[in-house]
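Open the model in your viewer and keep a selection panel at hand. The stops below say what to select and what to look for there.

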Amino acid sequence: MSADRQPTFSAVLINYNHSQYLSVTLNDVLNQTVPFDEIIVIDDCSTDNSIKIINELIKDFPNARLVKNPKNLGIIPSYNIGLNQTKSDFIFCFSADDSYSKHIVEWCKNFLERYPDVAMIAGNIRTYNEGTGEERCFTLPFPQRAAVYMPQDLEMMARKTCMTFYGGAIIIRKDVMLSFGGYLESLKWHCDWFLYL
């Protein structure tokens, strides 16, 4: 990416029958403190009222559009459809049943001003169990400050502890994702971890 151009950011949100969560999730995506350049919502042939909710939520956002799968394809093929349709430099993949910080793009732009050549920006996550009310924080096994890590740093850390990157806290360069073939469907639920590592 040339130094004289600002990076662009796309959000890809996959939904299948998560109408009860969509207003929270989509509002987090649509109302970022620094907006996404592009928002693609892919509905994977929902049978609930998801389409109506999505259309209502995105109607005032010209940077957002809905893509309707002609049949239920599953989450991994749907993410690859979104990846191939985006036009931005960086991609953030959202799940329709999660909530997110409204500062994602802002934080990433600030980070990229300092470190413009990174391929991926990763963060921590917090989970909440609706049934028990339990909250848990998962942090990356590095000092909790903004920093750049090289492959050898990650290799050294992986020798010390079992580690991965958290899918709900990853923004990654599109060209890098495509160079690895996107999400490999044959790996099923491990495809995101594989790609990030």
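Select helix H3 and the elements around it: the buried residues of H3 pack against strand S1 (9-15), strand S2 (38-43), strand S4 (90-95), helix H6 (174-179) and helix H7 (191-196). H3 itself spans residues 75-85, and its buried residues are Ile-76, Pro-77, Ser-78, Tyr-79, Asn-80, Gly-82 and Leu-83. Buried here means under 20% relative accessible area, exposed means over 50%, and partly exposed is in between (1.4 Å probe, protein chains only). Packing is judged by contact, meaning heavy atoms within 4.5 Å. Helices (H or I, at least four residues) and strands (E, at least two) are DSSP runs numbered from the N terminus.

This is a predicted model, in which local features need pLDDT of at least 70 and side-chain atom pairs count only at pLDDT 80 or more, while totals for chains, interfaces and linings use all residues. Residues are numbered from 1 along each chain as its sequence is written, and side-chain values use heavy atoms, with hydrogens and water left out.

Next, select Phe-9, Leu-13, Leu-26, Phe-36, Ile-39 and Phe-94, the residues with the most contacts inside the largest nonpolar core, which has 27 residues. Two or more residues of this core come from each of S1, helix H1 (19-30), S2, helix H2 (50-58), S4 and helix H4 (104-114). H4 gives the most, five residues. A nonpolar core is a set of buried Ala, Val, Leu, Ile, Met, Phe, Trp, Tyr and Cys residues joined through side-chain atoms within 4.5 Å.

Which residues does Phe-94 touch? Leaving aside residues up to four places away in sequence, Phe-94 touches Ala-11, Val-12, Leu-13, Ile-14, Val-29, Phe-36, Tyr-79, Tyr-100 and Ile-104.

A second, separate core has 23 residues, including Ile-40, Met-163, Met-177 and Cys-191.

Now move to two loop residues. Cys-45 lies in the loop between S2 and H2; its phi is near 65°, a positive value in a residue other than glycine. Cys-45 is partly exposed, with a relative accessible area of 30%. Lys-188 is in the loop between H6 and H7 and has a positive phi of about 50°, although it is not a glycine. Lys-188 is exposed, at 56% relative accessible area.

Finally, zoom out. The protein chain has seven helices and eight strands, and its C-alpha atoms fill a box of roughly 45 × 45 × 35 Å along the principal axes. Of its 197 residues, 40% count as buried.
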